[in-house]
Amino acid sequence: MNKPLVGAFLAALLLGAGVAPAVAAEPAGSTSEVSAEAAPQAKHTAPDTVPAAKAVTFAGTVALSNCSGSVVRSPDAAPTDPALVLSNGHCMESGFPGPGEVVVDQPSSRTFTLLNASGSGVGTLRASKIAYGTMTDTDLSLYELTSTYQQIEDSYGIQALELETAHPTAGTAITVASGYWKRTYSCDIDGFVHQLKEGRWTWKDSVRYTPECRTIGGTSGSPVIDDATGKVVAVNNTGNESGQECTDNNPCEVDENGEVTVREGINYAQQTYNMVPCIGAGSKIDLTREGCALPKP
């Protein structure tokens, strides 16, 4: 996993590799010219004609104490709804949830530094609770804030990033925007992974990046943004660091037939379209809503 940075350094010093949060890989800029090799055939492919790309900025992203995140909204969110912050399940201050564990409505007073388009911190946002968090099937957390979307916009002139409601497609140009590092990574969606296994955890239908997105420790929780629409399609969470098979910090891919593939140096994200049906009025997470397929406690 592109784990919380502080924990990564402590793990490297005290415990050794492969048993704790991952150390940072070599940094890579957002304008890498590395060419991606031909990817395996994906079941979701990009259309022949795509809209012109929009400039992706840091506006709406946040920096956590050890991870990245973003202020997000569903398409139906009202301005007066409490704002939500998206990050990884493994970035929660309560620690990594175990396989099968789901956190719902857990009180939290965590703070987030809100960034503007250029990556400068413009204010501090505070959570009222962890509305949802898990590392089962996916790796995400949603914090409910004490501020509404309208209050954030009025105070800082920054709008929340909108969540895409449809499954992304292979070949889509994306940007991973890290609020922690104030750095972006640009590449394409290479394909989708039936099951991505890392240590004790298994994630489903994960996004695989082309090689240009060399995300590092601290980028965990970064929004993955469709360059053409500006919408969030996934949340960055892990990568295979040293070529090991299915170990901590070295996820492996498992296809429908059980065949295992290891891609050293390749990074991954978890899709977010599937959580949109779970967000009800007032930003409340309702796991019983029609279409909601997130794991339940």
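Reader: In which strand does Cys 252 lie?

Author: Strands (E, at least two residues) and helices (H or I, at least four) are DSSP runs, numbered from the N terminus. Cys 252 lies in strand 14, which covers residues 252–254. The model is predicted, so local features need pLDDT of at least 70 and side-chain atom pairs count only at pLDDT 80 or more, while totals for chains, interfaces and linings use all residues. Residues are numbered from 1 along each chain as its sequence is written, and side-chain values use heavy atoms, with hydrogens and water left out.

Reader: Is Cys 252 buried or exposed?

Author: Buried means under 20% relative accessible area, exposed means over 50%, and partly exposed is in between, with a 1.4 Å probe and protein chains only. Cys 252 is buried because its relative accessible area is 0%.

Reader: Which residues does Cys 252 touch?

Author: Contact means heavy atoms within 4.5 Å. Not counting residues up to four places away in sequence, Cys 252 touches Gln 195, Leu 196, Lys 197, Glu 245, Cys 246, Val 260, Thr 261 and Val 262. The C-alpha atoms of Cys 252 and Arg 263 are separated by 7.2 Å, and these two residues are 11 apart along the chain.

Reader: What does Cys 252 form with Cys 246?

Author: A disulfide is a pair of cysteine sulfur atoms within 2.5 Å. Cys 246 and Cys 252 form one, with their sulfur atoms 1.9 Å apart. The disulfide is right-handed because the torsion about its S-S bond is about 95 degrees. Cys 246 counts as partly exposed because its relative accessibility is 22%.

Reader: How many disulfides does the structure hold?

Author: The structure holds four disulfides. With bonded cysteines counted along the chain, their pattern is 1-2, 3-4, 5-6, 7-8. One of them joins Cys 67 and Cys 91, with sulfur atoms 2.1 Å apart. That link is left-handed, with -85 degrees about the S-S bond. Cys 67 lies in the loop between strand 1 (61–63) and strand 2 (68–73), and Cys 91 in the loop between strand 3 (82–87) and strand 4 (102–107), so the pair ties together parts that are 24 residues apart in sequence. Cys 67 and Cys 91 are both buried.

Reader: Where does the disulfide of Cys 278 and Cys 292 lie?

Author: Cys 278 is joined to Cys 292 with an S to S distance of 2.0 Å. Both cysteines lie in the segment after strand 16 (267–271), so the pair ties together parts that are 14 residues apart in sequence. Cys 278 and Cys 292 are both buried.

Reader: How many aromatic pairs are there?

Author: Rings of Phe, Tyr and Trp (its six-membered ring) pair if their centres lie within 6.5 Å; planes under 30 degrees apart count as stacked, over 60 as edge-to-face and the rest as tilted. The count by this rule is three. One of the pairs, Phe 96 and Trp 201, is edge-to-face, at 5.8 Å centre to centre and 70 degrees between the planes. This pair links distant parts of the chain, 105 residues apart, with Phe 96 in the loop between strand 3 and strand 4 and Trp 201 in strand 11. Phe 96 is partly exposed because its relative accessible area is 30%, whereas Trp 201 is buried at 5%. Tyr 180 and Trp 181 also form an edge-to-face pair, at 5.3 Å centre to centre and 75 degrees between the planes.

Reader: What sits over the ring of Trp 181?

Author: A charge sits over a ring if NZ of Lys or CZ of Arg is within 6 Å of the ring centre and within 35 degrees of the ring normal. Here the charged end of Arg 183 sits over the ring of Trp 181, 5.9 Å from its centre.

Reader: Which residues touch the most other members of the largest nonpolar core?

Author: A nonpolar core is a set of buried Ala, Val, Leu, Ile, Met, Phe, Trp, Tyr and Cys residues joined through side-chain atoms within 4.5 Å. The largest core has 42 residues, and Val 71, Leu 86, Phe 112, Leu 145, Leu 163 and Leu 294 touch the most other members. Its largest share, five residues, comes from strand 6 (121–134). Apart from this core lies another of 15 residues, among them Ala 170, Tyr 185, Val 207 and Ala 269.
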